[in-house]
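Dear colleague,

A short account of the findings comes after it.

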Amino acid sequence: MDPRRLRLVARLLSVGSIEEIAALAEQIPEVLTPEFELMIAELIQQALARGEPEMAVALADRADALQALRGAEPAEAGLFELLMRVPFADRVIELADVGDWNSWLIILREGPDLFGKAFLDYLDRCRPHVTEGEAYLLDVLAAFLSECADVGPDAAVSRWRSSAEVGEATELPAEFSLAALSHLVDRFGDQDDAVAAQALGNLGVLYYQRRAGDQGQNLERAESLLREAIEMADRHGATKPRAQAQQALMNVLLARDPQRNVKEALDLSLAALRGWEKHEDPEMWGLIMTSRANTLAELGRLEEAIDCYAASLTVFTRPASPKRWGISMFGLANAHVRRGRRDGNRADFETALTLHTEAAELRTREQDERRWAMTQESLGWCYLLRDRSAERREDVDLAVGHFNAALEYYVPGTVERPGIMHGLGRALLARHEETADQADLAASKAALQEALEGTAKIDRRDAHSALAAVHLRLAPADSSAHTAAVAHQSAALEFTSAENEPQRWADEAFLLARILLERGGTHQGEDHEKAISVLTKALALAEQPVSRARILEALGMAHTWRPFGHRDADARKAMKFYREALASFTKEKDATLWASVHYAMAASILEHAAPGGDDDQERLAEVLGLLEEAGAAIQPDDRRGITRIENLVGAAHLAYGNREDAIAPLARARAGYARLGLAEEFADAQRQLARAYGPADRRTVRAAITAQRIRPMTEYPFDFGKAAELLGHALLRQGEPERAGHAYRDAVRARRWAMSVVTLPTDRDLARRHFGGNIAEQACLCFARAAEHAGDDDGPRLLALAVESLDEGRMGGFPELETALADALARHDPGLLEEYRATAASLQSLMGMDRSTLTGSLIGPRASIPDVETWLRARDAAITARARYSAVLDRIRAATGLDMTVGPLSLQEISGLLGPDEALAYVLCDEGEGTDRQLLLLVLPDGTVQTHWSNPGSRPSSTSRSGCRTRVSASRSAATAS
């Protein structure tokens with residue numbers, strides 16, 4: 001080199017600022033020539049060759065400054081070109097070759113110069129010269145190595161590998177490897193040979209394994225690189241690079257879209273084995289076996305998957321290949337878990353637990369947090385589904401713990417999280433079944449709902465089914481829960497194919513039918529018909545004996561409480577199904593189901609019993625015998641089952657008139673339900689005890705009031721109303737007529753509430769079974785009796801209650817009052833009146849009732865339905881007609897202020913609709929207090945009520961015992977005299 005130019009270089013190195021370099025360039029313009037630039041570039045290479053990186057960087061700084069003075073942009077350098085200029089570049093290459101924190105920790109321990117001051121200063125000087133895309137990686141690397149210098153590599157690695165404070169920088173080793181290999185591939189350019197194919201394949205693998213960035217874009221890039229690598233390797237006959245890329249591509253395809261790509265992945269597993277033998281590269285053969293096993297597992301061919309995992313374990317041993325041995329062990333364990341979940345074989349879960357335990361030391365959180373989290377999920381399913389009834393509580397606690405541990409890694413937004421939430425929801429539901437903890441039930445609902453959000457790949461059938469079970473248990477406190485349970489179980493059924501999975505479909509259909517049978521409410525009749533239809537199909541598909549027995553039992557229950565059809569025929573069908581169920585399995589096979597079927601048979605006999613016949617004692621003996629058999633089959637620690645049997649024993653004695661014998665078992669049932677915390681069942685036992693005690697017993701009052709409080713009218717109108725009737729009987733018998741009147745009026749209101757949403761006469765028939773037909777008259781008579789002995793202040797109040805109770809519980813309505821309203825509407829808008837009459841007539845015709853029942857009263861003979869299809873068509877038409885009728889009523893109210901529904905009226909409203917010379921008369925029969933009297937009530941236009949009791953024992957033959965009401969025209973004096 002020219003000595004003069006070397007002296008110029010020395011002068012450049014002696015100045016530091018850009019101003020000094022600019023001044024030197026003005027004095028000596030030669031330094032701005034291309035020839036001088038080439039000489040500096042040669043000196044930089046010589047400095048690097050001598051191991052003088054500081055000199056190389058100083059020269060590069062001056063070259064950049066001179067380029068800027070010439071008006072040219074400084075040339076950017078690749079990060080890895082700069083890093084290769086350090087004396088310990090071999091250690092930097094080692095960092096780039098491994099992509100995990102454990103390997104980095106070993107390298108850092110052996111080479112402290114990697115985080116020495118000289119290297120950190122060099123990284124700082126490199127910062128202005130790297131490309132914009134690599135600047136972030138350089139900054140992260142510098143920050144990490146600075147922390148190594150401050151606290152030591154062990155502490156730094158411990159924090160960086162899992163700390164949320166550093167965000168995606170937790171993936172620094174993998175990102176560093178990715179950047180290094182990307183740099184290498186870029187340098188290959190258009191090179192087309194086996195070496196380039198190997199590099200492309202390796203880069204594709206790194207993108208597949210990448211956790212930072214957009215996962216979809218990572219997988220798309222990985223697929224593109226691997227396909228290019230396979231084509232290039234094929235062109236050059238490079239068998240090993242081709243097989244490696246094909247094996248990696250299998251994993252990428254399954255990660256991108258398993259359903260669409262699984263067939264291609266399986267084909268790749270065979271293609272990767274072509275052209276070479278296992279002994280030529282056992283490690284690659286084992287990797288391909290593992291990927292093939294993953295693919296077979298995705299296809300549900302779990303037996304073949306288990307064989308392939310086992311084959312890979314003949315190559316990967318714990319001492320020689322601990323990481324790959326652990327991956328195959330985990331895959332094998334997971335395949336056993338999936339097969340156990342599919343087939344119900346609990347031995348698979350025990351095998352999986354053994355495999356996990358054996359490989360536990362290789363799956364610690366410190367070594368590999370992602371695979372540790374995967375293991376936690378698998379362990380959660382093992383403990384949740386293993387069959388250890390004696391240790392069930394311990395197992396579900398462990399399951400909840402493992403799922404929660406997995407969620408520490410799978411934070412919101414990760415692809416795997418929905419599957420973990422599904423398992424956690426199932427585990428929390430299982431723990432609730434052990435402890436009855438409502439907090440677990442609420443948490444289970446939240447977890448399962450999160451699992452079903454979005455489009456994540458989970459067992460949606462199982463998640464919907466579990467969420468249906470959660471809603472079913474929430475039903476006592478949530479009136480909408482039953483409907484939600486039906487919706488989720490219906491969704492679970494949609495995810496099951498009756499053709500491909502007949503037994504699975506039958507099991508899901510059985511669960512849907514059970515929910516339909518339990519829902520109740522105004523759709524009870526329709527639900528029963530749907531349940532019978534679903535169960536009939538399920539019975540034709542079910543293959544397992546115990547499954548068939550459960551379906552037959554459910555069919556028996558559906559016919560036992562079927563609202564429609566012929567009761568005697570349904571009773572015979574129910575017993576036929578129960579007997580078929582008992583014939584299809586043995587007590588030893590499933591003692592709990594054996595007890596359940598016997599219990600259901602006893603309940604069916606009671607439901608269809610008609611006490612008062614010559615065979616009452618035989619029937620009672622049959623029921624008690626069935627319940628004794630049920631009690632002998634259940635487990636001694638099944639407190640709920642024992643309590644249910646006690647309750648039904650009491651109900652049986654009560655049904656056949658043995659009130660005294662009913663009290664003891666019902667009292668034991670009540671105490672049992674109290675201990676179990678089952679409020680609804682406790683209320684039912686209280687209500688039955690109120691019947692057993694009889695109206696003369698003060699305990700009846702307490703029992704009935706408690707039953708009412710636990711099952712309020714707005715949620716349980718039938719049960720509330722029955723308890724109110726029993727309370728009314730008791731209070732009347734015990735000499736408290738006013739309180740009895742209020743109790744009967746509560747029963748009237750419960751009946752109105754139950755009837756407020758009915759659509760067809762068949763729905764009304766459900767209410768007829770639960771309420772006495774004369775409860776409004778009973779309330780009226782009780783208030784009238786109380787008025788007999790009341791003073792001048794209370795008498796009018798009680799008589800007003802008597803009249804209003806009758807109006808609230810009208811059985812036939814008040815056509816006169818409706819006529820008055822119609823006249824008023826005609827004066828406002830004749831067109832609306834005609835529309836009202838037309839819609840009312842249409843609704844009356846479809847519902848088979850007279851005009852007065854539009855107010856919600858109960859009237860007419862029990863309707864009969866020829867068949868379910870006809871009923872469903874009629875129901876749809878009736879719903880449409882009621883909607884039109886309701887719309888017209890709303891328009892009338894908006895336009896005129898008139899309410900054409902004629903709801904319960906006050907005494908003043910009733911009297912206000914009478915003419916000046918009119919009265920409204922009610923005649924009722926009173927058979928209480930050992931007398932047989934008749935009561936005449938007269939409502940006068942001024943709002944007063946007059947009463948007249950007939951002489952004891954007399955009964956005019958013209959008076960109806962059902963509570964006849966008639967309108968009379970007379971002067972006030974004439975009305976009073978009557």
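The notes that follow treat the basis of the model, then its salt bridges, a helix and a pair of strands.

This is a predicted model, in which local features need pLDDT of at least 70 and side-chain atom pairs count only at pLDDT 80 or more, while totals for chains, interfaces and linings use all residues. Residues are numbered from 1 along each chain as its sequence is written, and side-chain values use heavy atoms, with hydrogens and water left out.

Salt bridges

The structure holds 48 salt bridges (a side-chain nitrogen of Lys or Arg within 4 Å of a carboxyl oxygen of Asp or Glu). Side chains of opposite charge can pair when their charged atoms come close.

One of these pairs is Glu 303 with Arg 339, whose closest N and O atoms are 3.9 Å apart. Glu 303 belongs to helix H17 (residues 302-312) and Arg 339 to helix H18, so the pair ties together parts that lie 36 residues apart in sequence. Helices here are DSSP runs of H or I with at least four residues, strands are runs of E with at least two, and both are numbered from the N terminus. Glu 303 is partly exposed, at 36% relative accessibility, whereas Arg 339 is buried at 18% (buried means under 20% relative accessible area, exposed over 50%, and partly exposed in between, with a 1.4 Å probe and protein chains only).

A second salt bridge joins the side chains of Glu 529 and Arg 562, at 2.8 Å from N to O. Glu 529 sits in helix H27 (residues 524-541), and Arg 562 in the loop between helix H28 (545-560) and helix H29 (567-583). Glu 529 is buried, with a relative accessible area of 10%, and Arg 562 is buried with 15%.

In helix H34 (residues 679-693), Arg 687 and Asp 684 are three residues apart, which means a separation of about one helical turn. Their side chains meet in a salt bridge of 2.7 Å, N to O. Both belong to a network of salt bridges that also includes Glu 680, Arg 711 and Asp 719.

Helix H18 (residues 322-343) has 22 residues, which should span 32 Å at 1.5 Å a residue; its end C-alpha atoms are 31 Å apart, in agreement. The expected span is 1.5 Å times one less than the number of residues. Just after H18, Gly 344 takes a positive phi of about 75°.

Eight of the nine residues of strand E1 (residues 918-926) are buried, so the strand is largely enclosed by the rest of the structure. Seven bridges join E1 to the antiparallel strand E2 (residues 933-939); two strands pair if DSSP finds at least two bridges between them. Cys 925 has Gln 934 in E2 as its bridge partner.

Yours sincerely
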